[in-house]
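Dear colleague,

Please find the structure below, together with a short account of what was found in it.

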Amino acid sequence: MKNLWNDADAEKMVADYAKKGVDGDLALRVYTTRLLGGEPRLVLHGGGNTSCKTRATDLVGDEWDVLCVKGSGWDMAVIEPQGLPAVKMGALLKARALTELSDEDMVALQRSNLIDPASPNPSVETLLHAFLPHKFVDHTHSTAILAIVDQEDSKALVKRVFGDRLGYVPYIKPGFDLAKVAAEVFEADPSVEGLILDKHGIFTFGDDARQAYDRMIHYVNVAEEYVAKNGKPKAAKAALPAKLARPSDIAPMLRGAVAVARGEGRFDRMISDFRTSDAIIDFINSAKIAELAGRGVSTPDLSIRIKTGPMAIPAPDADKLGDYKAVIRSHVETFAKDYQAYFETNDALDDVKRAMLDPMPRLTLVPGLGMFGHGRTLKDAKIASDVGEMWIEAVRGAEAIGNFQPLSKADLFPLEYWSLEQAKLASNKPKPLTGQVVLITGGAGAIGAATAKLFAANGAHAVIVDLDPAKAAEAAKAAGNNSIGVGADITDPAEMRAAFDKAVAVYGGVDILVSNAGAAWEGRIGELDDATLRKSFELNFFAHQSAAQNAVRIMLEQDTGGVLLFNTSKQAVNPGPKFGAYGIPKAATLFLSRQYALDYGAHGIRSNAVNADRIRSGLLTDAMIASRSGARGVSEKEYMSGNLLGQEVTADDVAQAFLHQALAERTTADVTTVDGGNIAAALR
Ligand SMILES: [Zn+2]
């Protein structure tokens, strides 16, 4: 591992922060914290922390000795000074005299001694940082270090690799007890330059930022070199099918299998993030991958991301894809049963009241293909994949020099169910459509874009399909929530298929279709040329059918229901003069919606239509509004609000109707009218 310290960068950071009133110690603390945080093999998504001991002034001008220590929720790679809240040292040091201190009291002690009460919670490892005398303390979960400590005989190995340069601390759950023992280990030999925490990670320290950082990189390199020099040949590889299925073939099956069934056709769905590389495949093709996965996480902090460890499933045979869903489901069932047993066994050991978290895996290893991270959002799914890559790094190293033996699951349990760890995740309250994927055709138009925005605001990830890829990307950006834009001519079945493939590649599947794209052609029906009518049917009927077919194909593989929503327009029930080319295929689409409701209701797939009218959009442009209102001799405003309510209907109103239909779990074969009231077009 490369030492990234650079004098010029360090000086620049000190100078830049000095202008903002941040002292040099803290500026350098920010500098090396970012260096550590930028390397996934050291710290990942909240695992690891740093501190420095300095002085700070409170609001009334009193100056205090403080510990600036990483705050919860901050990513070390992009940390700022406010991510290192200052805690008064006096109180922290006094706590060492206590014989016991509960986690809740420890948090209270830390919070009540913050210089700025608005700060985030100081790290759960704050006391450990405080009890060590050094000005700068760095802590990581380095994968190379984990390869050494995740061994049966780790104590002897640590001694062999690091000699007396690092102290050895046996595994203790982070908190007050660990902090005391770590301090005692240091005091037994104050010449050590750091501490190895069994089954957990490494601390290094120094008088200045550079020394602590240099030592971290140095000992990580010692560990890396030991693994490289002493690694034995790799384990045997599993036999793979002659022809492997593609990731997109199995992603919806897997995504459906890991959804949490809430009963009566209701599911908490997850997003799947597929990831692969030569290194991933080389490792997961091991003949003993299932057994390695079963041994657990490489450092306990990972349990909040991937629970008790990954799930491994067999490589998918392209010629036996029909049987593969059952294979996946049986593996998921076993994982969930094992998880439940793990919970029940360990929960019974004390009187603490806990609710079991959902028992679904968060990381699935598929030999031959790669791995899928699962999470309620794309962000969480990607975090699970990131964590998976580092799990592989650590386990590969551990297996090369011995046998990967991480923390036991009994010891892991109190950490996974620790209130302080769960607090890290508590801020992610699910929204009504969290975990769901919506694909919207005509997604960059007025109605499509408004629908994408509303669905994304309600937690869905939107796949915005539009003829114009740039506009699709723009609408995705406006929608937010990691939505994506896809350019496609959806009257071409291959391009439609590619749009759905993209949804599967990015999110793992599709739950909601908003089949919205349309265009109007005018002409008296008796004189309309065939080509125009057929062209209109291609977009206003067949594209709806092709979108629905693709959606249903994926939904059936997921087996978690779904909903098809069609924009059918008022024309479907109430023809307008010279508007046959538009209205006739829309009428067919209205019945298409009902046909899907009928044919797929038994699979939990709902199908509904929205009948909108007179919406300012690409179909009804400002120029058209001016010309039509002029032709009728009314103002534009009168024309647009020419309905029973006397109010203009907007794209946002249509989006609300789609959202309602998506959320109304017992509504199918429905038509929702969004036209401000038009008796001639009212459904009977
Ligand atoms: Zn740690």
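Among contacts in the protein chain between residues at least 6 apart in sequence, what percentage join residues at least 24 apart? The figure is 72%, where a contact means heavy atoms within 4.5 Å.

This is a predicted model, in which local features need pLDDT of at least 70 and side-chain atom pairs count only at pLDDT 80 or more, while totals for chains, interfaces and linings use all residues. Residues are numbered from 1 along each chain as its sequence is written, and side-chain values use heavy atoms, with hydrogens and water left out.

The C-alpha trace of the protein chain spans about 100 × 65 × 50 Å along its principal axes. Of its 684 residues, 54% are buried (under 20% relative accessible area, 1.4 Å probe, protein chains only).

The zinc ion is coordinated by E125 (OE), H139 (NE2), H141 (NE2) and H200 (NE2), at 2.1 to 2.7 Å. Donors here are N, O and S atoms within 2.8 Å of the metal (3.2 Å for Na, K and Ca); water is not among the atoms, so sites may look incomplete. The donor residues follow the spacing E-x13-H-x1-H-x58-H. E125 lies in the loop between α4 (103–112) and α5 (126–131) and H200 in the loop between β6 (194–197) and β7 (201–206), so the two tie together parts that are 75 residues apart in sequence. Helices (H or I, at least four residues) and strands (E, at least two) are DSSP runs, numbered from the N terminus. E125 is buried at 6% relative accessible area, and H200 is buried at 3%.

Yours sincerely

Definitions and conventions:
Buried < 20%, exposed > 50% of the residue type's maximum accessible area, 1.4 Å probe, protein only.
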